Amino acid sequence: MAFLSSLNIPLSGMTAERFRLDIIAQNVTNADTYATRPEDAYKRQMVVFGEDKSFKTVLLRRMHQPGRIHDMYKYIQLKGVQATRVVEDPTPAEPVYSPNNPLADEFGYVYESNVNVMIEEQDAIEAQNMFDANRQLFQAMQGIIQASLNIGKG
């Protein structure tokens, strides 16, 4: 039943958003860290999403071989979304004058991470909303599939 592969889309979306929430939690945990040098300060991490093309890539390569049937829709399985990579926010670390801090440099500065907790909270709310939307889509699709399996049962 190829139509069951459509469940991969919301399931992969929920998995990707859960990973995004894990990265946001890591950012919030490190928001109040300091370093002696700006390059040593914790840098905010961000998740980049992309389409899971694993099956489609193989399929397209094989279909462009001579003698292959070009009815792609018959063979494509829907994979959904995936977290393709985690990148660092390029915003520079903020210098904070704190001469009594043991990490202070010779001028009395420490460098704070570039994590803004308010932005992380907004991202967490967005990720949670996207997770919930994918969950609701999955539940609706389950209902549709269940109803279609019951067609013809008297």
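What share of the contacts in the chain with a separation of 6 or more comes from residues 24 or more positions apart? Such residues account for 73% of these contacts, where a contact means heavy atoms within 4.5 Å.

## The model and its confidence

This is a predicted model, in which local features need pLDDT of at least 70 and side-chain atom pairs count only at pLDDT 80 or more, while totals for chains, interfaces and linings use all residues. Residues are numbered from 1 along each chain as its sequence is written, and side-chain values use heavy atoms, with hydrogens and water left out.

The pLDDT, which is the predictor's confidence in each residue on a scale from 0 to 100, has a mean of 85 over the chain, and 80% of the residues reach 70 or more. Confidence is lowest in helix α2 (residues 54-63), with a mean of 59, and highest in β5, with a mean of 96.

## Overall build

The chain holds 3 helices and 5 strands, which follow one another from the N terminus as α-β-β-α-β-β-β-α. Helices (H or I, at least four residues) and strands (E, at least two) are DSSP runs, numbered from the N terminus.

Of the 154 residues in the chain, 28% count as buried; buried means under 20% relative accessible area, exposed means over 50%, and partly exposed lies in between, with a 1.4 Å probe and protein chains only. The accessible surface of the chain comes to about 10,400 Å², and 57% of this surface belongs to carbon and sulfur atoms; accessible areas come from the Shrake-Rupley method with a 1.4 Å probe, and for residues only the protein chains shown count as cover.

## The sheet and tyrosine 34

Strands of a sheet pair through backbone hydrogen bonds, either parallel or antiparallel. Here, an open sheet of 3 strands is ordered β1-β5-β4, with antiparallel pairing. Because β1 and β4 (94-97) each have a single partner strand, they stand at the edges, and one side of each is left without a neighbour in the sheet. Two strands count as paired if DSSP finds at least two bridges between them: β1 is joined to β5 (residues 109-112) by 2 bridges, whereas β4 and β5 pair over 4 bridges. In β5, tyrosine 111 is the bridge partner of alanine 35 and also of proline 95.

Tyrosine 34 lies in strand β1, and its bridge partner in β5 is glutamate 112. With 35% relative accessibility, tyrosine 34 counts as partly exposed. Leaving aside neighbours within four places in sequence, tyrosine 34 is in contact with Val96, Asn101, Leu103, Val110, Tyr111 and Glu112. Although tyrosine 34 and asparagine 101 are 67 residues apart along the chain, their C-alpha atoms are separated by 9.5 Å.

## Arginine 44

Arginine 44 lies in the loop between β1 (34-35) and β2 (45-51), and it counts as buried because its relative accessible area is 10%. Its side chain makes a polar contact of 2.4 Å with the side chain of glutamate 120. A polar contact is a pair of N or O atoms within 3.5 Å; within protein, one must be able to donate a hydrogen and the other to accept it, and residues adjacent in sequence count only if both atoms are side-chain atoms. Beyond four places in sequence, the contacts of arginine 44 include Asn27, Val87, Asp89 and Asp123.

## The largest nonpolar core

The largest nonpolar core has 5 residues, namely Leu7, Met14, Phe138, Met141 and Ile145. Helix α3 (residues 117-149) supplies the largest share of this core, with 3 residues. A nonpolar core is a set of buried Ala, Val, Leu, Ile, Met, Phe, Trp, Tyr and Cys residues joined through side-chain atoms within 4.5 Å. Methionine 141 touches Ser6, Leu7 and Pro10, not counting residues up to four places away in sequence.
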